[in-house]
Amino acid sequence: MNHGSLSLRGGVLHVARHVRRAHVQPFDLDGRALGPGFSFGGRADAPLELGGIEIDSDRQVWTVDARAGEVRAFSLFGRESAAFVGAAAERDDVRGVIADATDLALHETDEALSLVVSRGGVRRHGLALLRRDGRLVESLRPLGDPLERFGGISRVVQQGPWTFACEPTMGRVQVYRDFEFHFSFRVELRSGERAGPLALAALPDGRLVIALTGSRTALVLVDAAGRVLAPLALSGDGPGELRDVGDVAVEAGPSERDSRVAVIDRDAERLQVFTLDGRCLGEFEALPGAGS
């Protein structure tokens, strides 16, 4: 099983997991399934490696297959509505290649929809902005320098003009504004103690919820500069604790108590819901693809 992927929009949480095939299902935040969901495999029934999912304003489910280097979109009933592959991988580290993709994020305006696709590994071209038909718009510069390299992006998030790229091995988050490098930050749990940001969710007020990996697995609330405001969950195997986190999603409410944070962990075998004041509201009883 992979680490799972989440997309939360309008109170509907889409959960994706895969082994050989991908399974996607919508839930409400109390864990009730809102439909049967759907499954899909790679082309010619090849195994796939799901790099992430995202839901657009038309309720299309966008996915990226790292193994095939292909982006595909589906209706909520599983009908494929769009697909494209990246540039031919004659060389690995070139513009527009999306093999080994780890995640994708959507950037929607009144005029168009575009996609930001991240790749793992140490490479210059690890973050690409693409049109919805797959045409390359630009390759984002690591640390603002075309000669620098990304250090293995695990997740990418788009919030308005802001793009956030998590690099757990490097222990940092790179932040872009209008797809130009703005700054990077590291998360310190205690004085001098750093952890790797694996996944991130952005709140409308600029705060971020970050899942950290490494020796100090944790879920933390940080300000826009990456300074820790509060821990939401710490490492462990019990309820309200985390191990092997895969992804995080957030929906802001009128207060900290009314906001919801969904986290998938235990190699995508558990999904818990938290509030922004650190309470665990419980875990989902069933996840898509269980037993398959």
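Mentor: What follows begins with the ring pairs, turns to the whole chain, and ends with a few individual residues.

The model is a predicted one, in which local features need pLDDT of at least 70 and side-chain atom pairs count only at pLDDT 80 or more, while totals for chains, interfaces and linings use all residues. Residues are numbered from 1 along each chain as its sequence is written, and side-chain values use heavy atoms, with hydrogens and water left out.

A pair of aromatic rings is described by the distance of the centres and the angle of the planes. Rings of Phe, Tyr and Trp (its six-membered ring) pair here if their centres lie within 6.5 Å, and planes under 30 degrees apart count as stacked, over 60 as edge-to-face and the rest as tilted. By that criterion a search of the whole structure finds 6 aromatic pairs. In one of them, the ring centres of Phe27 and Phe284 are 5.2 Å apart and the planes stand at 55°, so the pair is tilted. This pair links distant parts of the chain, since Phe27 belongs to strand E3 (residues 22–27) and Phe284 to the segment after strand E27 (280–283), 257 residues apart. Strands (E, at least two residues) and helices (H or I, at least four) are DSSP runs numbered from the N terminus. Phe27 is buried, with a relative accessible area of 3%, and Phe284 is buried too, at 7%; buried means under 20% relative accessible area, exposed over 50%, and partly exposed in between (1.4 Å probe, protein chains only). Elsewhere, Phe38, Phe40 and Phe74 form one aromatic cluster.

Now for the chain as a whole. Its secondary structure comes to 0 helices and 27 strands. The radius of gyration is 18 Å, close to the 19 Å that the globule rule gives for 292 residues, so the chain is as compact as a globular protein of that length; the radius is taken over C-alpha atoms, and the rule is 2.2 Å times the number of residues to the power 0.38. Along its principal axes the C-alpha trace spans about 45 × 45 × 35 Å, and buried residues make up 52% of the 292 residues. If contact means heavy atoms within 4.5 Å, residues 24 or more positions apart account for 43% of the contacts with a separation of 6 or more.

Some individual residues complete the picture. Arg131, in strand E12 (residues 127–131), is partly exposed, with a relative accessible area of 41%. Not counting residues up to four places away in sequence, Arg131 touches Phe84, Leu113, Leu115 and Val137, whereas its C-alpha atom is separated by 38 Å from that of Glu285, 154 residues apart along the chain.

The loop between strand E8 (80–85) and strand E9 (101–108) holds Asp100, which has a positive phi of about 65° although it is not a glycine and which is partly exposed at 44% relative accessible area. Asp92 lies in the loop between E8 and E9 as well, and leaving aside neighbours within four places in sequence, Asp92 is in contact with Val97, Asp100, Arg119 and Arg123. Asp244, in the loop between strand E23 (228–234) and strand E24 (247–251), has a positive phi of about 55° although it is not a glycine, and Asp244 is partly exposed, with a relative accessible area of 33%.
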